[in-house]
Amino acid sequence: MKKSLTCIVCPNGCRLEIDVQSHDVSGNKCPRGIAFAINELTDPKRSITTTVRTTLSEYPVISVRTDGDIAKDKIMDLIHLLKDVVVTEYLPIKTIIVHNVFGTDVNVITTANMQKGDKCL
Ligand code: SF4
């Protein structure tokens, strides 16, 4: 049995097919597509970009992202976890606001410098 998927590693967006048993991949224009298809079949992961609330008037919310990929089936758990996170101080870019998400080495970090008196986002 084969599974079809679109490679998201680069803008080419190759249409891939992977054999579920043998892990043979076709449709890829480069070797990264093979690794993507196998990972997508066996251990799919994504990086996440979202926002968290703050108590600062200039920044009702701030943009954050994971600094690596997390398991696809943990994405909603992370979104729920971040609903309870509230930033209370001005932070520089790449400040870790959640360490080691779900026991991984992935952190959630800020994506912009926050400065007192700035206009929000
Ligand atoms: S297979 Fe290679 S060329 Fe095609 S989308 Fe993936 S990374 Fe890009």
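**Entry 1: the loop with F102**

I started with F102, which sits in the loop between β9 (96–98) and β10. Strands here, like helices, are DSSP runs numbered from the N terminus (E, at least two residues, for strands; H or I, at least four, for helices). I looked up the phi of F102 and found a value near 50 degrees, positive in a residue other than glycine. For context, most residues other than glycine have a negative phi. F102 counts as exposed, because it has 12 C-beta neighbours inside 10 Å. The cut-offs, with C-beta atoms placed from the backbone, are 20 or more other C-beta atoms within 10 Å for buried, 12 or fewer for exposed, and partly exposed in between.

A note to myself before going on: this is a predicted model, where local features need pLDDT of at least 70, side-chain atom pairs count only at pLDDT 80 or more, and totals for chains, interfaces and linings use all residues. Residues are numbered from 1 along each chain as its sequence is written.

**Entry 2: H23**

I then checked H23, in the loop between β2 (15–19) and β3 (25–26). Phi of H23 is near 65 degrees, again a positive value in a residue other than glycine. H23 is exposed, with 12 other C-beta atoms within 10 Å.

**Entry 3: the sheet**

Next I traced the open sheet of five strands, and I read its order as β8-β5-β6-β10-β9, with mixed pairing. β8 (86–87) and β9 are at the edges with a single partner strand each, so one side of each has no neighbour in the sheet. I count two strands as paired if DSSP finds at least two bridges between them.

I walked through the pairs one by one:

- β5 and β8 pair in the parallel sense over two bridges, and R53 has V86 as its bridge partner in β8.
- β5 (residues 49–56) and β6 (residues 59–66) are antiparallel over six bridges, with T50 opposite V64 in β6. These two strands form a hairpin with two residues between them.
- β6 and β10 (residues 108–110) are antiparallel over three bridges, and T66 stands opposite V108 in β10.
- β9 and β10 are antiparallel over two bridges, with I96 opposite I109 in β10.

**Entry 4: helix α1**

I did a length check on α1 (residues 31–42). Its twelve residues should span 16 Å and its end C-alpha atoms are 17 Å apart, which agrees; the expected span is 1.5 Å times one less than the number of residues. I found G33, F36 and A37 to be the buried residues of α1. Seen down the axis, these buried residues fall within an arc of 95 degrees, so they line one face of the helix; the arc is taken from the directions from the helix axis to the C-beta atoms. On the other side of α1, I noted P31, N39 and T42 as exposed.

**Entry 5: the ligand**

Which residues are around the ligand? I listed C7, V9, C10, N12, G13, C14, N28, K29, C30, R32, G33 and F36, using a C-beta atom (placed from the backbone) within 6 Å as the cut-off. This shell divides into six nonpolar, four polar and two charged residues. In this scheme Ala, Val, Leu, Ile, Met, Phe, Trp, Tyr, Cys and Pro are nonpolar, Asp, Glu, Lys and Arg are charged, and the others, Gly among them, are polar. G33 and F36 turn up in this shell and among the buried residues of α1.

**Entry 6: domains**

Last, I looked up the domains: the chain is divided into domain 1 (2–42) and domain 2 (49–110), with bounds from an automatic or database domain assignment. I noted their C-alpha centres as 30 Å apart.
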